[in-house]
Amino acid sequence: MNPQMPISATEVQPTDSGWYAFRVYGGHTEAVVRDADRRGYESYIPMHVVERNVFGRKVKCQRPLIASLVFLRADREYVCEVHRNPMNGASVYRLPGSDEPSPISDSEMTLFRRVTEIGAENIEVVDEGLAVGEKVCVTEGVFKGCVGRMARVRGAKRLIVAIEGVAAVATSYIPKEFLKKIE
């Protein structure tokens, strides 16, 4: 998927709302989210907890996990409107080899959100190419019910959850006793 401009000039056919990923440039993230909220669309920015040194004290605060990445649950017409408006600085991820916006399934988005929200302090962005190991389901612990692929990251086996062509994240270490292989 590629967030480059422009979307084809084909007619936009309104459809049921779905999830779409945007790369938002130039600090326009808040404006894009605010407009979507004002129009009744859902938005999501994956966040993580980081420690900062403020006046000599360590303070935990939330920051975007992946700079400039915004997810919107909206109809295709609105998605194309956001993409085409140069004031937004937003570019929608598209289907490979196409100018069509790439929808993200509800199940994929729900899993991605769950992992990024639960693991806010221990989540890490990784190369999507790491998501090639065995497919597993977590059976115990905070990530119980999450499905992904196992990969070794920094010497530890970790669960990789990816939205193809957009982003991949790795959880903290999960003991093998908490994993069930999925065929």
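**Charged pairs, cores and a helix**

Analyst: Let's start with aspartate 99, which is partly exposed, with a relative accessible area of 34%. Keep in mind that this is a predicted model.

User: OK, and which residue does aspartate 99 form a salt bridge with?

Analyst: The partner is arginine 94, and the closest N and O atoms are 3.1 Å apart. Arginine 94 is buried, at a relative accessible area of 6%.

User: How many salt bridges does the structure hold?

Analyst: There are eleven salt bridges. One of them joins glutamate 81 and arginine 39, with 2.8 Å between the closest N and O atoms. This pair links distant parts of the chain, 42 residues apart: glutamate 81 sits in helix H2 (residues 76–84), and arginine 39 sits in the loop between helix H1 (29–38) and strand E2 (42–44).

User: Which residues are linked in a network with them?

Analyst: Asp35, Arg38, Arg39 and Glu81 are linked in a network of salt bridges.

User: What about arginine 158, what does its side chain meet?

Analyst: Arginine 158 meets glutamate 124 in a salt bridge, 3.0 Å from N to O. Here too the pair links distant parts of the chain: arginine 158 is in strand E10 (residues 156–163) and glutamate 124 is in strand E7 (residues 124–125), 34 residues apart.

User: And why do arginine 158 and glutamate 124 count as buried?

Analyst: The cut-off for buried is under 20% relative accessible area. Arginine 158 counts as buried because its relative accessibility is 8%, and glutamate 124 counts as buried because its value is 18%.

User: Now the inside. Which residues touch the most other members of the largest nonpolar core?

Analyst: Those are Leu69, Phe71, Leu159 and Val166, in a core of 25 residues. The elements giving two or more residues to this core are strand E1 (18–24), strand E5 (69–74), helix H3 (106–118), strand E8 (135–138), E10 and strand E11 (167–173). In general, nonpolar side chains in soluble globular proteins tend to be buried together.

User: What does the second, separate core include?

Analyst: That core has 15 residues, among them Val24, Leu72, Tyr78 and Val92.

User: How many aromatic pairs are there?

Analyst: The structure holds three aromatic pairs. Ring pairs link Tyr44, Phe71 and Phe112 into a cluster. You have met Phe71 already, as one of the residues touching the most other members of the largest nonpolar core.

User: Let's look at H3. How many residues does H3 have, and how far does it reach?

Analyst: H3 has 13 residues, and it reaches 18 Å from its first C-alpha to its last. That is close to the 18 Å expected at 1.5 Å a residue.

User: Which residues of H3 are buried?

Analyst: Met109, Phe112, Arg113, Val115 and Thr116 are the buried ones. Seen down the axis of H3, they fall within an arc of 170 degrees, so they line one face of the helix. On the other side of H3, Ser107 and Thr110 are exposed.

User: Nice. Last topic, the loops. Where does glycine 129 lie?

Analyst: Glycine 129 is in the loop between E7 and E8. Its relative accessible area is 48%, so glycine 129 is partly exposed. From C-alpha to C-alpha, glycine 129 and cysteine 146 are separated by 19 Å, and they are 17 residues apart along the chain.

User: And where is serine 68 found?

Analyst: Serine 68 is in the loop between strand E4 (57–64) and E5. It counts as partly exposed, at 28% relative accessibility. Serine 68 and glycine 27 are 41 residues apart in sequence, and their C-alpha atoms are 7.8 Å apart in space.

User: Great, thanks for the tour!

Notes. Residues are numbered from 1 along each chain as its sequence is written. This is a predicted model: local features need pLDDT of at least 70, side-chain atom pairs count only at pLDDT 80 or more; totals for chains, interfaces and linings use all residues. Side-chain values use heavy atoms; hydrogens and water are left out. Rings of Phe, Tyr and Trp (its six-membered ring) pair if their centres lie within 6.5 Å; planes under 30 degrees apart count as stacked, over 60 as edge-to-face and the rest as tilted. A salt bridge is a side-chain nitrogen of Lys or Arg within 4 Å of a carboxyl oxygen of Asp or Glu. Helices (H or I, at least four residues) and strands (E, at least two) are DSSP runs, numbered from the N terminus. Buried means under 20% relative accessible area, exposed over 50%, partly exposed in between (1.4 Å probe, protein chains only). A nonpolar core is a set of buried Ala, Val, Leu, Ile, Met, Phe, Trp, Tyr and Cys residues joined through side-chain atoms within 4.5 Å. The expected span of a helix is 1.5 Å times one less than its number of residues. The arc is that of the directions from the helix axis to the C-beta atoms.
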